[in-house]
Amino acid sequence: YEGAEPVRGFVVSTGMAGTPTVTGTFHIYLKARTQTMTGGSPALGTYYSLDNVEWGQYFYADYGFHGTYWHNNVGHAMSHGCINMTNADAKWLFDWAGPEWDGETIWFSANRRNPGTLVIVHE
């Protein structure tokens, strides 16, 4: 939304039953153009390590929006809590939402002059 006007909508994949996506009101506080994502538990069979995850935008702890290349099942719960998007949709959101990335910094943080966009996550 820009004010009360919807700008764009996306079909996404949210967290699975055992790893739900956090709900609430947040702001994007950190962006990463590309990164390696690891997590889960080897003992529980939930470990993952994914190279070159693009267009990451974090809004609460380790929860964020990002592109996905390892599944084409958007619209179904697939993640460990993040909001998975197609790479094209994640790039659009990355470019549109604040903080505006400087094009260089690997881990780019929001600040007073360049605030993060409001994020409302609900069921």
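Which strand gives the most residues to the lining of the largest pocket? Strand S7 does, with 4 residues.

## Basis of the model

This is a predicted model, in which local features need pLDDT of at least 70, side-chain atom pairs count only at pLDDT 80 or more, and totals for chains, interfaces and linings use all residues. Residues are numbered from 1 along each chain as its sequence is written, and side-chain values use heavy atoms, with hydrogens and water left out.

## The sheet and its helix

Helices (H or I, at least four residues) and strands (E, at least two) are DSSP runs, numbered from the N terminus.

S2 and S3 run antiparallel and are joined by 8 bridges. Leu30 has Tyr58 in S3 as its bridge partner.

## The largest pocket

The largest pocket holds about 860 Å³ of space. A pocket is an open set of points on a 1 Å grid over the protein atoms alone, where a 1.4 Å probe fits, with protein on both sides within 12 Å along at least five of seven lines; lining residues have an atom within 4 Å of a point. Grid points are joined across faces, edges and corners, and a volume is the space filled by probe spheres set on the points.

The lining comprises 26 residues, of which Phe65, Ile83, Val119, Ile120 and Val121 are the closest to the pocket centre. Strand S5 (83-86), helix H1 (87-96) and strand S7 (118-121) each supply at least two lining residues. By class, the lining has 18 nonpolar, 6 polar and 2 charged residues; Ala, Val, Leu, Ile, Met, Phe, Trp, Tyr, Cys and Pro count as nonpolar, Asp, Glu, Lys and Arg as charged, and the others, Gly among them, as polar.

## The second largest pocket

The second largest pocket has a volume of about 380 Å³. Its lining has 21 residues, with Met37, Tyr48, His66, His80 and Cys82 nearest the centre. Strand S2 (30-39), strand S3 (48-60) and strand S4 (63-68) are the elements that give two or more residues to this lining, and S2 provides the largest share, 5 residues. The lining divides into 8 nonpolar, 12 polar and 1 charged.

Note on methods. Pairing = 2+ DSSP bridges.
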